[in-house]
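Here are my notes from going through the model, written up as numbered points. Have the structure open while you read.

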Amino acid sequence: MKRDDNKSNLFFKKLASAYTEKVGEELKKELDSLNSSGNSPSLDAKLKSRLKKSKIKKWSSWMLPVSACFIIFIVYFALKQPTYDTNISESPSTVLNYEFVAAKLPENYTVVKVDYDYQKTIYYISTSKENEVVLTVEESEEDMPTEGLNKIQINDTDAYTMVKDEYSLLKYKKDNVLYTLTSQYDLEDLIRISEKLI
Amino acid sequence: MLIFLTFSTEFEKSKFEYIYDKYKKLLLYKANAILNNYSLAEDAVSEAFIRIYKNLHKIEDPDSGRTAAFLVVIVRNAAINILNENKNISAYDIEENDAESSFDLEESVISENITDGMLEVVDKLKDELKTCFLLMYAYDLSYKEIGKILNISESNVAVRIHRAKKKLIELLREENFI
């Protein structure tokens, strides 16, 4: 995260700190007025249950990757010819191939169709919420127009976004390849996919 | 006592237990105010305490107002997430058209004095923007840390903070504070 010590950031720090101080004092008064003593057995039980799940998650987070890597290694070589139901026509000029995109997508996101249009490859991606995201990939040496777009950073790469009532847009350029993602819904899916692809 | 939690030191354990005992009723009250359902409020508070447990090192003085505000920020976020899940609403709710030009922060602002009126402006921010803004600027958390606490991506954190600052500037200008 880049954070310049400029005037505006100092102002926001002061503002945020003053706000939390004020809210904090009000909360302390509220706390005093509430009867804070007494047991809460059902809350204790819920916390215990959540913590158990969290511990299992932690345990499996280091045990499973080792075995998962091994299994993936075996499966990858055993199933080197991918099997999928998508309608893919042959094209000699695919910038990102299907395997790369499909492998990089977040969990529960799938490529349902691939089209080719002149020098563009168009992926139709179904998200975990069954929304559709269209990813267009094309080689381009020209500068990407960014007027009217908001700039964000995704994995240290500049990306540009726009949100309208009808659609959301995210685009970025890397190694002379332009990636454009659009969705009828929110920006979150586009950001999630871009985080994986960049 | 919460003997099922593992802590690296006795100090940490007693700190967490102290915070839990001291604030659980307040946090239940705050969560219930959002959820209007005591059982769901308990879910939110238990989730919040998991996050607090993982960020215990961020809490310096358990008795300070600053800590109280931090805990309430976390439980409010947990409660709103549960509320949105139950309503099938995406937590990432876009209202405004962000195609307006990106404003130049350096040229905006800046007042030396913080007034009560300015603090009321902060209150007007949407919860999801206010939460990220406060966690970053009041509690000095990184995008990564904020993302982990709120269970959102770093990019989302960045976008929300950007929007929070932009909205604050707009509101401060409307009220003639800057």
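Is B:K124 buried, partly exposed or exposed? B:K124 counts as partly exposed, because its relative accessibility is 48%. Keep in mind that this is a predicted model; the rest of the notes follow below.

1. Let's stay with B:K124 for a moment. Its side chain meets that of B:E175 in a salt bridge, at 3.0 Å from N to O. B:E175 sits in the segment after α7 (154-174) of chain B and B:K124 in the loop between α4 (116-123) and α5 (127-137), so the pair ties together parts that are 51 residues apart in sequence. B:E175 is partly exposed, given a relative accessible area of 37%.

2. Another salt bridge to look at joins B:D123 and B:K130, where the closest N and O atoms are 3.3 Å apart. What about the surroundings of the two partners? B:D123 has 44% relative accessibility and therefore counts as partly exposed. B:K130, at 12%, counts as buried, because the cut-off for buried is under 20%.

3. Now for helix α2 of chain B. B:R51 and B:E47 both lie in this helix, 4 residues apart, which is about one turn. Their side chains form a salt bridge of 3.2 Å, N to O. With a relative accessibility of 8%, B:R51 counts as buried, whereas B:E47, at 25%, counts as partly exposed.

4. One salt-bridge network involves both chains: A:K46, B:E42 and B:D43 are linked in it. For the overall tally, the count comes to 16 salt bridges over all chains.

5. On to the rings. How many aromatic pairs does the structure hold over all chains? The number is 10. One of them is B:F16 with B:Y20, a stacked pair at 6.4 Å centre to centre and 15° between the planes. Both residues belong to helix α1 (residues 10-35) of chain B and are 4 residues apart, about one turn of the helix. B:F16 and B:Y20 are both buried.

6. B:Y20 also pairs with B:F49, and here the arrangement is edge-to-face, with 4.9 Å centre to centre and 70° between the planes. Why is this pair worth a look? B:Y20 lies in helix α1 of chain B and B:F49 in helix α2 (residues 38-54), so the contact ties together parts that are 29 residues apart in sequence. B:Y20 counts as buried because its relative accessibility is 2%, and B:F49 counts as buried at 0%.

7. There is an aromatic cluster with members from both chains, too: A:F11, A:F12, B:F133 and B:Y137 form it.

8. Chain A has a patch of negative charge on its surface, where A:E139, A:E141, A:E142 and A:D143 gather. A:E141 is in the loop between β4 (132-139) and β5 (150-154) of chain A, and its 72% relative accessibility is why A:E141 counts as exposed. A:D143 is in the loop between β4 and β5 as well, and is exposed, with a relative accessible area of 73%.

How values were computed: Residues numbered from 1 in each chain as written. Chains lettered and ligands numbered in written order. Predicted model: local features only at pLDDT ≥ 70, side-chain atom pairs only at ≥ 80, totals over all residues. Heavy atoms only, no water. Patch = residues over 30% accessible without salt bridge, like charges linked within 9 Å, V, L, I, M, F, W, Y side chains within 5 Å. Areas by Shrake-Rupley, 256 points an atom, 1.4 Å probe, with all protein chains shown as cover. Salt bridge = Lys/Arg side-chain N within 4 Å of Asp/Glu carboxyl O. Lys, Arg positive; Asp, Glu negative; His and termini not counted. Charge placed at Lys NZ, Arg CZ, Asp CG, Glu CD. Helix = DSSP H or I, 4+ residues; strand = E, 2+ residues; numbered from the N terminus. Buried < 20%, exposed > 50% of the residue type's maximum accessible area, 1.4 Å probe, protein only. Phe/Tyr/Trp six-rings, centres within 6.5 Å; stacked < 30°, edge-to-face > 60°.
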